[in-house]
Amino acid sequence: MRKIRNVPVQLKKDQGRILAEMSGKIKKIAKDMEHTTIADYIQLLNSPRKLILTNFIAGLSRGVGLAIGFTLIASVIVYLLNALVTLNIPIIGNFISYIVKEVQMQLNIR
């Protein structure tokens, strides 16, 4: 009977030791990640050319993404308005057809 009682106590000791080891390793990994991030940030700040280049590329990417996104959304809206015109709703249809004609005229001018 004595051995049966010791088994759970031994398991609890092993679990506590394993948890303590895992906690220590997680803290070490978190500390290493924090130091790496700070080091990269300081290195970026110490190199003005690299900072300017990074910000330039980020701004360029945002601008291109905005232009593509707006073009896609505008084309979907014009397509939907064109579909509404074909439904021939009396009041809305005339107004939408005017808008679509204006947009197409502006596109043909360019």
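Tutor: Start with Lys-28, which forms a salt bridge with Asp-32, their closest N and O atoms being 3.2 Å apart. Keep in mind that this is a predicted model.

Student: Where do Lys-28 and Asp-32 lie?

Tutor: Both are in helix α1, 4 residues apart, which is about one turn of the helix. An α-helix has 3.6 residues a turn, so residues three or four places apart point the same way.

Student: Is Lys-28 buried or exposed? And what about Asp-32?

Tutor: Lys-28 counts as exposed, because its relative accessibility is 53% and the cut-off for exposed is over 50%. Asp-32 has a relative accessible area of 37%, so it is partly exposed.

Student: How many salt bridges are there in the whole structure?

Tutor: A search finds 2. Besides the Lys-28 and Asp-32 pair, the side chains of Glu-21 and Arg-17 meet in a salt bridge, at 3.2 Å from N to O.

Student: Which helix holds Glu-21 and Arg-17?

Tutor: They both lie in α1, which covers residues 2–46, and they sit 4 residues apart, about one turn of the helix. Glu-21 counts as partly exposed because its relative accessibility is 40%. Arg-17 is at 44%, so it also counts as partly exposed.

Student: OK, zooming out. How many helices and strands does the protein chain have?

Tutor: There are 3 helices and 0 strands. From the N terminus on, the order is α-α-α.

Student: And how much of the chain is buried?

Tutor: Buried residues make up 4% of the 110 residues. The accessible surface of the chain comes to about 10,300 Å², with 69% of that belonging to carbon and sulfur atoms.

Student: Where is there a nonpolar patch on the surface?

Tutor: Look at Leu-53, Phe-56, Ile-57, Leu-60, Val-64, Ile-68 and Leu-72: they form a nonpolar patch with about 700 Å² of accessible area together. Phe-56, one of these residues, is in helix α2. Its relative accessible area is 52%, so Phe-56 is exposed.

Student: Back to α2 as a whole, then. What span should helix α2 have, and how far apart are its end C-alpha atoms?

Tutor: At 1.5 Å a residue, the 40 residues of α2, residues 48–87, should span 58 Å. The end C-alpha atoms are 58 Å apart, which agrees.

Student: What follows α2?

Tutor: Asn-88 does, and its phi is positive, near 60 degrees. Helix α3 covers residues 90–109.

Student: Same span check for α3: what does it give?

Tutor: Its 20 residues should span 28 Å at 1.5 Å a residue, and the end C-alpha atoms are 29 Å apart, which agrees.

Student: Which residues of α3 are buried?

Tutor: Gly-93, Ile-96, Ser-97 and Val-100 are buried there. They cover an arc of only 110 degrees around the axis, which puts them on the same side of α3.

Student: What do those buried residues pack against?

Tutor: The buried residues of α3 pack against α2. On the other side of α3, Ile-91, Asn-94, Phe-95, Tyr-98 and Ile-109 are exposed.

Student: How far is Ser-97 from Ala-83, C-alpha to C-alpha?

Tutor: Those C-alpha atoms are separated by 10.0 Å, and the two residues are 14 apart along the chain. Ala-83 has its place in helix α2. With 33% relative accessibility, Ala-83 counts as partly exposed.

Student: One last spot. Which residues does Leu-51 touch, leaving out those up to four places away in sequence?

Tutor: Leu-51 touches Leu-44 and Leu-45. Leu-51 itself lies in helix α2, and a relative accessible area of 28% makes Leu-51 partly exposed.

Student: And how far apart are the C-alpha atoms of Leu-51 and Tyr-41?

Tutor: They are separated by 9.9 Å, with the residues 10 apart along the chain.

Technical notes:
Residues numbered from 1 in each chain as written. Predicted model: local features only at pLDDT ≥ 70, side-chain atom pairs only at ≥ 80, totals over all residues. Heavy atoms only, no water. Helix = DSSP H or I, 4+ residues; strand = E, 2+ residues; numbered from the N terminus. Buried < 20%, exposed > 50% of the residue type's maximum accessible area, 1.4 Å probe, protein only. Areas by Shrake-Rupley, 256 points an atom, 1.4 Å probe, with all protein chains shown as cover. Expected span 1.5 Å × (residues − 1). Salt bridge = Lys/Arg side-chain N within 4 Å of Asp/Glu carboxyl O. Patch = residues over 30% accessible without salt bridge, like charges linked within 9 Å, V, L, I, M, F, W, Y side chains within 5 Å. Arc of directions from axis to C-beta. Contact = heavy atoms within 4.5 Å.
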